[in-house]
Amino acid sequence: MLDADQGQPLGLDGKGLTIGIVRARFNDAITSTLEKACLDELRALGVAEEDIRLVTVPGALEVPLALKAMAAGDDHFDALVALGCIIRGETYHFELVSNESGAGVTRVGLDHQIPIANAILTVENEDQAWVRAEPKGRDAARVAVEMANLLDELL
(Lines give C-alpha, C1' and ligand atoms only; values in the text may rest on other atoms or scores of the structure.)
Protein backbone atom coordinates (compact mmCIF):
# COMPACT_ATOMS: atom_id res chain seq x y z
CA MET A 1 0.00 0.00 0.00
CA LEU A 2 1.30 3.47 -0.91
CA ASP A 3 1.10 6.75 0.97
CA ALA A 4 -1.06 8.90 -1.32
CA ASP A 5 0.93 12.08 -0.72
CA GLN A 6 4.45 10.78 -1.19
CA GLY A 7 4.08 7.65 -3.30
CA GLN A 8 6.07 5.88 -0.58
CA PRO A 9 5.22 2.41 0.68
CA LEU A 10 3.67 2.44 4.12
CA GLY A 11 5.31 0.44 6.86
CA LEU A 12 8.96 0.74 5.88
CA ASP A 13 10.99 -1.18 8.45
CA GLY A 14 14.68 -0.54 8.95
CA LYS A 15 15.14 -2.81 11.97
CA GLY A 16 18.19 -5.01 11.55
CA LEU A 17 19.50 -3.12 8.52
CA THR A 18 23.03 -1.75 8.31
CA ILE A 19 23.30 1.47 6.31
CA GLY A 20 26.42 3.27 5.11
CA ILE A 21 26.36 6.98 4.27
CA VAL A 22 28.90 8.98 2.30
CA ARG A 23 28.51 12.77 2.54
CA ALA A 24 30.44 15.29 0.47
CA ARG A 25 31.62 18.27 2.51
CA PHE A 26 31.56 20.74 -0.40
CA ASN A 27 28.57 23.06 0.22
CA ASP A 28 28.83 21.85 3.82
CA ALA A 29 25.84 23.66 5.32
CA ILE A 30 23.53 22.11 2.75
CA THR A 31 25.05 18.63 2.90
CA SER A 32 24.96 18.74 6.70
CA THR A 33 21.22 19.40 6.44
CA LEU A 34 20.87 16.44 4.06
CA GLU A 35 22.80 14.32 6.55
CA LYS A 36 20.70 15.32 9.56
CA ALA A 37 17.43 14.68 7.72
CA CYS A 38 18.68 11.31 6.48
CA LEU A 39 19.89 10.22 9.92
CA ASP A 40 16.68 11.35 11.61
CA GLU A 41 14.58 9.41 9.09
CA LEU A 42 16.72 6.28 9.34
CA ARG A 43 16.26 6.31 13.12
CA ALA A 44 12.50 6.91 12.70
CA LEU A 45 12.37 3.86 10.40
CA GLY A 46 14.01 1.71 13.08
CA VAL A 47 17.64 1.60 11.96
CA ALA A 48 19.76 1.36 15.10
CA GLU A 49 22.39 4.02 15.69
CA GLU A 50 25.15 1.40 15.85
CA ASP A 51 24.06 0.10 12.43
CA ILE A 52 24.71 3.43 10.68
CA ARG A 53 28.21 4.27 9.41
CA LEU A 54 28.86 7.80 8.16
CA VAL A 55 31.97 8.96 6.33
CA THR A 56 32.71 12.29 4.70
CA VAL A 57 34.68 13.11 1.57
CA PRO A 58 35.76 16.43 0.04
CA GLY A 59 33.25 16.61 -2.80
CA ALA A 60 30.77 14.81 -5.04
CA LEU A 61 33.44 13.31 -7.30
CA GLU A 62 34.91 11.48 -4.31
CA VAL A 63 31.58 9.98 -3.20
CA PRO A 64 31.61 6.96 -5.59
CA LEU A 65 35.08 5.85 -4.49
CA ALA A 66 34.08 5.89 -0.81
CA LEU A 67 30.85 4.03 -1.67
CA LYS A 68 32.89 1.42 -3.55
CA ALA A 69 35.20 0.96 -0.55
CA MET A 70 32.19 0.47 1.71
CA ALA A 71 30.54 -1.97 -0.70
CA ALA A 72 33.73 -4.01 -1.15
CA GLY A 73 34.96 -3.85 2.44
CA ASP A 74 34.68 -6.35 5.26
CA ASP A 75 31.71 -4.58 6.84
CA HIS A 76 28.34 -5.68 5.49
CA PHE A 77 25.94 -2.95 4.40
CA ASP A 78 22.36 -3.61 3.34
CA ALA A 79 22.23 -0.26 1.54
CA LEU A 80 24.30 2.86 1.01
CA VAL A 81 23.39 6.53 0.76
CA ALA A 82 25.18 9.21 -1.29
CA LEU A 83 24.78 12.79 -0.05
CA GLY A 84 26.11 15.89 -1.76
CA CYS A 85 25.25 19.17 -3.42
CA ILE A 86 26.39 20.47 -6.79
CA ILE A 87 25.31 24.03 -7.62
CA ARG A 88 25.56 25.25 -11.21
CA GLY A 89 28.27 27.83 -11.77
CA GLU A 90 29.41 29.70 -14.84
CA THR A 91 31.52 26.89 -16.32
CA TYR A 92 31.13 23.37 -17.67
CA HIS A 93 32.40 22.00 -14.34
CA PHE A 94 28.79 21.59 -13.08
CA GLU A 95 27.95 19.14 -15.87
CA LEU A 96 31.17 17.23 -15.42
CA VAL A 97 30.77 16.79 -11.67
CA SER A 98 27.04 16.02 -11.92
CA ASN A 99 27.39 13.46 -14.68
CA GLU A 100 30.49 11.71 -13.37
CA SER A 101 29.36 11.50 -9.75
CA GLY A 102 25.95 10.18 -10.79
CA ALA A 103 27.43 7.60 -13.14
CA GLY A 104 29.93 6.53 -10.47
CA VAL A 105 27.22 6.04 -7.85
CA THR A 106 25.14 3.96 -10.25
CA ARG A 107 28.13 1.86 -11.30
CA VAL A 108 29.01 0.99 -7.69
CA GLY A 109 25.46 -0.14 -6.98
CA LEU A 110 25.30 -2.32 -10.08
CA ASP A 111 28.81 -3.75 -9.71
CA HIS A 112 28.26 -4.72 -6.07
CA GLN A 113 24.51 -5.45 -6.20
CA ILE A 114 23.88 -3.06 -3.35
CA PRO A 115 21.14 -0.43 -3.31
CA ILE A 116 22.41 3.14 -3.22
CA ALA A 117 20.08 6.04 -2.54
CA ASN A 118 21.53 8.91 -4.54
CA ALA A 119 20.80 12.23 -2.86
CA ILE A 120 23.51 14.24 -4.53
CA LEU A 121 21.55 17.38 -5.32
CA THR A 122 22.16 18.98 -8.72
CA VAL A 123 20.62 22.44 -8.64
CA GLU A 124 20.73 25.76 -10.44
CA ASN A 125 21.25 27.88 -7.32
CA GLU A 126 21.58 27.81 -3.56
CA ASP A 127 17.91 28.58 -2.99
CA GLN A 128 16.92 25.41 -4.85
CA ALA A 129 19.39 23.44 -2.75
CA TRP A 130 17.90 24.68 0.52
CA VAL A 131 14.36 23.84 -0.61
CA ARG A 132 15.43 20.28 -1.42
CA ALA A 133 17.91 19.50 1.37
CA GLU A 134 15.59 18.22 4.11
CA PRO A 135 13.07 16.41 1.90
CA LYS A 136 15.77 14.71 -0.17
CA GLY A 137 17.66 13.66 2.95
CA ARG A 138 14.51 11.98 4.27
CA ASP A 139 13.77 10.46 0.86
CA ALA A 140 17.26 8.97 0.68
CA ALA A 141 16.71 7.18 3.98
CA ARG A 142 13.37 5.79 2.79
CA VAL A 143 14.83 4.65 -0.52
CA ALA A 144 17.73 2.91 1.23
CA VAL A 145 15.40 1.03 3.58
CA GLU A 146 12.87 0.13 0.88
CA MET A 147 15.50 -1.11 -1.56
CA ALA A 148 17.44 -3.03 1.10
CA ASN A 149 14.26 -4.88 2.01
CA LEU A 150 13.39 -5.48 -1.64
CA LEU A 151 16.80 -6.88 -2.52
CA ASP A 152 16.64 -9.10 0.56
CA GLU A 153 13.45 -10.57 -0.90
CA LEU A 154 14.77 -10.88 -4.45
CA LEU A 155 18.27 -12.24 -3.88
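Predicted model: local features only at pLDDT ≥ 70, side-chain atom pairs only at ≥ 80, totals over all residues.

Helix α1 itself has 17 residues and spans 24 Å from its first C-alpha to its last, which is close to the 24 Å expected at 1.5 Å a residue. After α1 comes G46, with a positive phi near 100°.

The largest nonpolar core has 27 residues, and those with the most contacts inside it are I19, I21, C38, L42, V81, L83 and V145. Two or more residues each are given to this core by β1 (19-24), α1 (28-44), β3 (79-87), β4 (116-123) and α4 (126-154), with α4 giving the most, seven residues. If neighbours within four places in sequence are left aside, L42 is in contact with I19, I21, V47, I52, A141 and V145. Another core lies apart from the largest one and has 20 residues, among them V22, V57, A66 and I120.

Two packed helices are described by the angle between their axes and the distance between the axes. Helix α2 (residues 63-72) packs against helix α3 (residues 93-112) at an angle of about 10°, with the axes 8 Å apart; because angles under 35 degrees count as roughly parallel, α2 is roughly parallel to α3. On the α2 side the contact is made by V63, P64, L67, K68, A71 and A72, and on the α3 side by S101, G104, V105, V108 and H112. Of the residues in this contact, seven are nonpolar, three polar and one charged.

Notes: Residues numbered from 1 in each chain as written. Heavy atoms only, no water. Axes fitted to C-alpha atoms, helices over the stretch in contact; angles between N-to-C directions. Helix = DSSP H or I, 4+ residues; strand = E, 2+ residues; numbered from the N terminus. Parallel < 35°, antiparallel > 145°, perpendicular 65-115°, else oblique. Contact = heavy atoms within 4.5 Å. Nonpolar A, V, L, I, M, F, W, Y, C, P; charged D, E, K, R; others polar. Core = buried A, V, L, I, M, F, W, Y, C linked by side-chain atoms within 4.5 Å. Buried < 20%, exposed > 50% of the residue type's maximum accessible area, 1.4 Å probe, protein only. Expected span 1.5 Å × (residues − 1).
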